[in-house]
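Here are my notes on this model, written up as numbered points. Have the viewer open while you read.

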Amino acid sequence: MIFACEISFSGFERCPSNQSSSRNIPKILRYSTTSFRTFILSLLLSLMAGVCVSALWDTGLLSSIQAAFLLAPPEGAAEAIMPQKWIGLLLIQSAAIVAGFAIERAGARRASLFICGGIAVGCAASFLASYFLQIDVVYAPAAISVLTAALLVQAARLWQVDMFLTRHLRRASVQTHAIEGGAAHARLMSGLKLLQTVLPLDEAVIFHPDENNHLAPAARLRTEGNAVHDAARNSAWREGVELCERSVKTGKMLTMLAETGNGPASIALPLRHEGRAVGALLVRLREGYDDSDRPLLAAVSAQMARNFQRDEARQQVLKKDLFDFVSVQAAERRLASFGVVSGLLTEQRFGAQVLSETSDGHAVAYLDGTLAYVNPAMLKAARLTEELARKLDIFGLLDLFRTGVFDEPSIAVRRVLQTGDAYERELNYVERNQVLELRIALITERTRDDAGTDEEPAAQPLCLAVTVRDVTRIKEYEKLKSDMISLMSHELRTPITSINGFAELLVMDETIPEESREFLTIISNESQRLSRMINTFLAVTQLEAADKQEVLKIPLKMDDVVRETLASMHSAAKKKRIRLVEQPAARMPPVAADKSLITQVIWNLVNNAIRYSPERTTVTVSTLLEADAVRVLVEDRGYGIPPESIDRVWEKFYRVARDGQEKDEESTGLGLSFVREVVEQHGGEVAVESEVGRGSRFSFTLPRL
């Protein structure tokens, strides 16, 4: 059974459901060329070939050719007799139809064996029949009709495939142009401008082979004030062209340094894509060449090579090549390639569609500086229209965000390209009451190390990403939060301090009855607890603030900090009959930390250990040296923490409830949260291990110097 899909100029139609569309494209094309419509067309072409040859035979124009395939009969025998006209016409027409049907069903390659065999057999039959039977089998007209029908049917099949392929390649060309972001020459100049922001560029030239395969300049960028006399300029130009020619031939990056070794340098890079040279890049530097610039030069030259190859391919797509037209397999390979490219382009558009739905502004720029995509949020933030955005490159876009702390976009782009680190700034526009967060990042892709070595694969630069986020409302909330903290700091501390002070004075007055002094003691203790809660809350809130520049990190010896902290806590431990033990490590390296904050961290951990340990137990504080960090460990023999609470002890306002007891009302639930905030701010980690009834082990690490 033969499955057929009817082909149309707009695509494939009415494919049967039992024929999977995921199978190879050449098979689908083969089915499409054997559809009913193409069969009728092949039949008509075969009939037309037969009619034309029959007309030539009937008028006698083929007599000389026909006589060449007849042998003279033996002496005394009659001349070869021609068949009746209707029989001859039937033979010629039948031969044409059979040849056309064979080409249509089997293809030219497989049918050629059958046709050539039939022609050879017919030739032998013509010689034998004319010599022994004196019969003319009309071989020559029939052979001519076979060849004519075969050529016409094959040409029709190639024409259908070529027309279908050309139409879709044109459509793909238009789709590709929509995401490229500019004309070829504009992209070349944008790429040279990008190099100028990174390298001490004196001159940059892009060469492209001309019709005679000689390198001709396609784009050129020169810095201002480059005054060189004509003789030296011509000499340097010839040397640069020769360097580029050698670079194209060898396929390698070539460098020509000054004689002193520290002066100007010339660098030639071949522009290669898919193993084929499409041009060359010549870069002249005012200073010496640094090998650290090699990856960037290679990446930018690869982008320029892709630009050249893409433009060249687009021009060649619209041309019809004779050799492709006469080969169905070549045309099918072109159509298969189109299927792959079309699928890749469709997948590439997915990312742009996703970015168009985000609330943040996003822009993607190629390594030649051309804007590949700008989402609607970025257009709104930059106050652009789509038409204007198409005319801008990455520098033109960043110029629209200039402000006091971001007045040189080229410097920011250069820093990102040289270091690979993202550039982040907060832009404040007072005149329009708006605050934006700007981020410029270099997107890289790590290549897979097939050699199996232990070395980390190099990161391959892909493109530049610009992100803009409107944080105006967030800043307003932060200001409101700051005002609330200021209110708590000034308006609540003052009355609490007064309450606590007067309560302590009244407690000291011996004329007040004992019962009243007991109430005053409760007031004093509770006011002190409220004051500690406010102080801890303010400390945690300040640590969570975006501006953490007030933290002063200095080299500290953790064993000294632990010793000083424990010395201040011996009286509190003695009241509860708990013994504090210090276990310092030998030759402890320093850490970079804020002494007051780290002291408060140790105090909170030791205070919790004292509070939740029974009398006549021991609290041990150890300092341990690890591979790249210093660990402080606080271990107690207290009540322990239930397993369901282990992961929540670091949360704000969370207090552990022990079995059979209420939660500790004196605890604020902020102490351990404060510990985690401080430690993580210093680049460390916190940990806890506990077993109910046997005690707990709280620890934190800080990176060593």
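How many cavities of 30 Å³ or more does the count come to?

1. The count comes to one. Keep in mind throughout that this is a predicted model. The largest cavity has a volume of about 30 Å³. Its lining is made up of Thr38, Leu41, Ser42, Glu104, Val153, Ala156, Arg157 and Gln160. Two helices, α2 (36-58) and α6 (139-178), each supply at least two of the lining residues. The biggest share comes from α6, which gives four residues.

2. Next, the antiparallel sheet. Five strands make an open sheet here, and reading across it you get β4-β3-β7-β6-β5. The edges are taken by β4 (215-222) and β5 (254-257), and each has a single partner strand, so one side of each is left without a neighbour in the sheet. On average, neighbouring strands in this sheet are turned by 20° against each other, direction ignored.

3. Within that sheet, have a look at the pairing of β6 (residues 265-273) with β7 (residues 276-285): it is antiparallel and runs over nine bridges. If you want a spot to start from, Ala265 stands opposite Leu285 in β7. As background, strands of a sheet pair through backbone hydrogen bonds, either parallel or antiparallel.

4. Which strand do seven bridges join to β17 (residues 629-635)? That is β19 (residues 695-703), and the two run antiparallel. For a residue-level check, Val634 has Phe698 in β19 as its bridge partner.

5. On to charges: the whole structure has 18 salt bridges. One of them pairs Lys475 with Glu426, with the closest N and O atoms 2.8 Å apart. Lys475 sits in helix α16 (residues 472-508) and Glu426 in strand β10 (residues 423-429), so the pair ties together parts that are 49 residues apart in sequence. Both ends are partly exposed, with relative accessible areas of 23% for Lys475 and 39% for Glu426.

6. For Arg390 and Glu386, the closest N and O atoms of the salt bridge are 3.8 Å apart. The cut-off for a salt bridge is 4 Å, so keep that in mind if you apply a criterion of your own. Arg390 is exposed, at 59% relative accessible area, and Glu386 is exposed too, at 54%.

7. Is Glu635 buried or exposed? With a relative accessibility of 18%, Glu635 counts as buried, because the limit for that class is under 20%. Glu635 forms a salt bridge with Arg637, and their closest N and O atoms are 3.1 Å apart. Arg637 is partly exposed, with a relative accessible area of 46%.

8. Some charged side chains are also joined into a group. Glu203, Arg220, Arg222 and Arg284 are linked in a network of salt bridges.

9. Finally, two backbone angles to check. Arg577 is not a glycine, yet it has a positive phi of about 60°. Arg577 lies in the loop between α18 (558-575) and β14 and counts as partly exposed, at 48% relative accessibility. Arg616, also not a glycine, has a positive phi of about 60° as well. You will find Arg616 in the loop between α19 and β16, where it is exposed, with a relative accessible area of 66%.

Definitions and conventions
Residues numbered from 1 in each chain as written. Predicted model: local features only at pLDDT ≥ 70, side-chain atom pairs only at ≥ 80, totals over all residues. Heavy atoms only, no water. Pairing = 2+ DSSP bridges. Buried < 20%, exposed > 50% of the residue type's maximum accessible area, 1.4 Å probe, protein only. Axes fitted to C-alpha atoms, helices over the stretch in contact; angles between N-to-C directions. 1 Å grid on protein atoms, 1.4 Å probe; cavity = no way out; pocket = protein on both sides within 12 Å on 5 of 7 lines; lining within 4 Å. Points joined across faces, edges and corners; volume = space filled by probe spheres on them.
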